[in-house]
Amino acid sequence: MNNKIPYLQEWLTLANIGKFEKAQELYFEKLFAAVIENFKNENENLIPRGGILFSMLGYSPEPIILTAKVIDPEKHVIFTTNSKNEGNNYLEKYLESKYEMVYLNDESFETTYKALKEQLLLNPSSQITLDITGGKKSMVASSAIFGKDYGCRIVYVDFKEYIKDLRKPLPGSEVLTIVYDPYKNQPELFLK
């Protein structure tokens with residue numbers, strides 16, 4: 001168990017006895033700040049800071065927040081099919097309005113790809129990171145194809161330990177994984 005995360009045992013106890021709302025409240029009020037610091041310390045030298053960050057949001061804002069805290073992007077655009085108020089309070093609390101939301105009507109390839117392309121045109125940059133951790137599987141697949149097509153670094157927040165009964169990673173075991181980096185995986189694209 002990760003001793004760097006305060007209140008972890010209390011959170012586990014609440015979650016294991018079925019007090020999920022209390023566990024969720026404890027997580028965001030007392031654990032998550034330590035999870036963020038741990039994640040930043042573990043991943044700070046993995047990828048360059050700044051640039052543009054595109055994130056796919058499903059029902060869990062935690063991975064998006066973690067990636068944003070490591071990258072500290074100049075511009076952060078979050079794509080979601082969720083309603084306009086679902087989960088936004090945690091994004092607001094931890095990202096402090098340093099993001100823009102794009103609400104998609106559906107999770108189809110056409111809708112997701114078109115929205116990403118529009119944002120790319122509005123926010124041109126040579127350093128684009130695409131976080132595919134959240135979102136529905138069809139959105140993630142579409143965004144990964146987009147990322148490959150447009151030379152984005154594609155990242156995913158994974159974990160070292162998973163609590164099967166709770167269907168959640170153990171807080172503090174999260175890791176940032178580079179799925180695709182065009183400069184490393186296809187450097188021939190950048191040869192002149």
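This is a predicted model: local features need pLDDT of at least 70, side-chain atom pairs count only at pLDDT 80 or more; totals for chains, interfaces and linings use all residues.
Me: Happy to start with the helices: how is α1 oriented relative to α2, roughly parallel or roughly antiparallel?
Reply: Helix α1 covers residues 8-16 and helix α2 covers residues 20-43, and their axes are 8 Å apart. The angle between them is about 160°. Angles over 145 degrees count as roughly antiparallel. Therefore α1 is, relative to α2, roughly antiparallel.

Me: Good. How many nonpolar residues does the contact of α1 with α2 have?
Reply: The crossing of α1 past α2 is left-handed. From α1 the contact takes Leu8, Glu10, Trp11, Leu14 and Ala15, while α2 supplies Phe20, Lys22, Ala23, Leu26, Tyr27 and Leu31. Sorted by class, there are 2 charged residues and no polar ones, and the number of nonpolar residues is 9.

Me: And which residues of α4 make the contact with α2?
Reply: Helix α4 spans residues 88-95 and packs on α2 at an angle of about 35°, with the axes 12 Å apart. This crossing is right-handed. On the α2 side the contact uses Gln24, Phe28, Glu29, Phe32 and Ile36, and on the α4 side Tyr90, Lys93 and Tyr94.

Me: How many polar residues are in the contact of α2 with α4?
Reply: Among the residues named for α2 in this contact are Gln24 and Glu29. The whole contact divides into 5 nonpolar and 2 charged residues, with the polar count being 1.

Me: Which residue is the bridge partner of Ser55 in β2?
Reply: Strands β1 and β2 run parallel and are joined by 6 bridges. Of the residues in β2, 5 of 6 are buried. In β2, the partner of Ser55 is Ile78.

Me: Moving along the sheet, which residue of β5 is the bridge partner of Leu130?
Reply: Strand β4 (residues 128-131) runs parallel to strand β5 (residues 153-159), with 3 bridges between them. The β5 residue bridged to Leu130 is Ile154.

Me: Is Thr67 buried or exposed?
Reply: Thr67 sits in helix α3, residues 62-71. Setting aside neighbours within four places in sequence, Thr67 contacts Phe39, Leu53, Asp131, Val155, Val157 and Leu176. Its relative accessible area is 0%, and under 20% counts as buried. So Thr67 is buried.

Me: Now the backbone: where does Asp72 lie?
Reply: Asp72 has a phi near 50°, a positive value in a residue other than glycine. With 43% relative accessibility, Asp72 counts as partly exposed. Its place is the loop between α3 and β2.

Me: One more, please: how does Glu96 count at 49% relative accessibility?
Reply: Glu96 is in the loop between α4 and β3, and it has a positive phi of about 50° although it is not a glycine. Exposed means over 50% and buried under 20%. At 49%, Glu96 therefore counts as partly exposed.

Methods
Residues are numbered from 1 along each chain as its sequence is written. Side-chain values use heavy atoms; hydrogens and water are left out. Axes are lines fitted to C-alpha atoms, for helices over the stretch in contact, and angles run from 0 to 180 degrees between N-to-C directions. Helices (H or I, at least four residues) and strands (E, at least two) are DSSP runs, numbered from the N terminus. Angles under 35 degrees count as roughly parallel, over 145 as roughly antiparallel, 65 to 115 as roughly perpendicular and the rest as oblique. A crossing is left-handed if the near helix is turned anticlockwise from the far one by less than a right angle, and right-handed if clockwise. Contact means heavy atoms within 4.5 Å. Ala, Val, Leu, Ile, Met, Phe, Trp, Tyr, Cys and Pro count as nonpolar, Asp, Glu, Lys and Arg as charged, and the others, Gly among them, as polar. Buried means under 20% relative accessible area, exposed over 50%, partly exposed in between (1.4 Å probe, protein chains only). Two strands pair if DSSP finds at least two bridges between them.
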